[in-house]
Amino acid sequence: PNISSTDVLLRALEGDERKAVELIAANGGRMLQNELVNSLDFSKAKVSRVLMNLERRGIITKNKYGLTNCISIADELNDNAGMKNVEMKDTGMVGE
């Protein structure tokens, strides 16, 4: 069977980290941190903590995007390598 690196990653993660990575993966491997807060029903502090732990282990990357951060699954783990060249879609949420 053909198993993707994201599937392997999700098996290794538990609880809140797994939920966050599943959501990012479901959104094409990248999304804004404030969208994660809204979608996960976690506090801003909890999302921040979960993302900090994932970033420290090289699972995700965080880039400043306006007043929030753009969260991406690390390129080496992202099955869809073509995503690297796709510009962040304008969500109309700048300034939140």
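**Helix α4 and its neighbours**

Tutor: The buried residues of α4 pack against α2 (15–26), α3 (33–40), β2 (60–65) and β3 (68–73). Contact here means heavy atoms within 4.5 Å. The model is predicted: local features need pLDDT of at least 70, side-chain atom pairs count only at pLDDT 80 or more, and totals for chains, interfaces and linings use all residues. Residues are numbered from 1 along each chain as its sequence is written, and side-chain values use heavy atoms, with hydrogens and water left out.

Student: What makes something a helix or a strand here?

Tutor: Both are DSSP runs, numbered from the N terminus: helices are H or I, at least four residues, and strands are E, at least two. By that rule the chain has 4 helices and 3 strands. Along the sequence they follow the pattern α-α-β-α-α-β-β.

Student: How do you know that the length of helix α4 agrees with its number of residues?

Tutor: The expected span is 1.5 Å times one less than the number of residues. Helix α4, residues 44–56, has 13 residues, so it should span 18 Å. Its end C-alpha atoms are 18 Å apart, so the two agree. After α4 comes Gly-58, with a positive phi near 75°.

Student: Which residues of α4 are buried?

Tutor: Val-47, Val-50, Leu-51 and Leu-54 are. Buried means under 20% relative accessible area, exposed over 50%, and partly exposed in between (1.4 Å probe, protein chains only).

Student: How do you know where they lie around the helix?

Tutor: Look down the axis of α4. Its buried residues fall within an arc of 95°, so they line one face of the helix. The arc is that of the directions from the helix axis to the C-beta atoms. An α-helix has 3.6 residues a turn, so residues three or four places apart point the same way.

Student: Why is Asn-34 called buried?

Tutor: Its relative accessible area is 15%. The limit is under 20%, so Asn-34 counts as buried. Asn-34 sits in helix α3. Asn-34 and Lys-44 are 10 residues apart in sequence, and their C-alpha atoms are 8.0 Å apart in space.

Student: What makes α2 roughly perpendicular to α4?

Tutor: They pack at an angle of about 85°, with their axes 10 Å apart. Axes are lines fitted to C-alpha atoms, for helices over the stretch in contact, and angles run from 0 to 180 degrees between N-to-C directions. Under 35 degrees is roughly parallel, over 145 roughly antiparallel, 65 to 115 roughly perpendicular and the rest oblique. So α2 is roughly perpendicular to α4.

Student: Which residues meet there?

Tutor: Asp-16, Glu-17, Ala-20 and Val-21 in α2 meet Lys-46, Val-50, Asn-53 and Leu-54 in α4.

Student: Why is Leu-10 called buried?

Tutor: Leu-10 has 12% relative accessibility, so it counts as buried. Leu-10 lies in helix α1. Not counting residues up to four places away in sequence, Leu-10 touches Arg-18, Val-21 and Glu-22. The C-alpha atoms of Leu-10 and Val-21 are separated by 7.3 Å.
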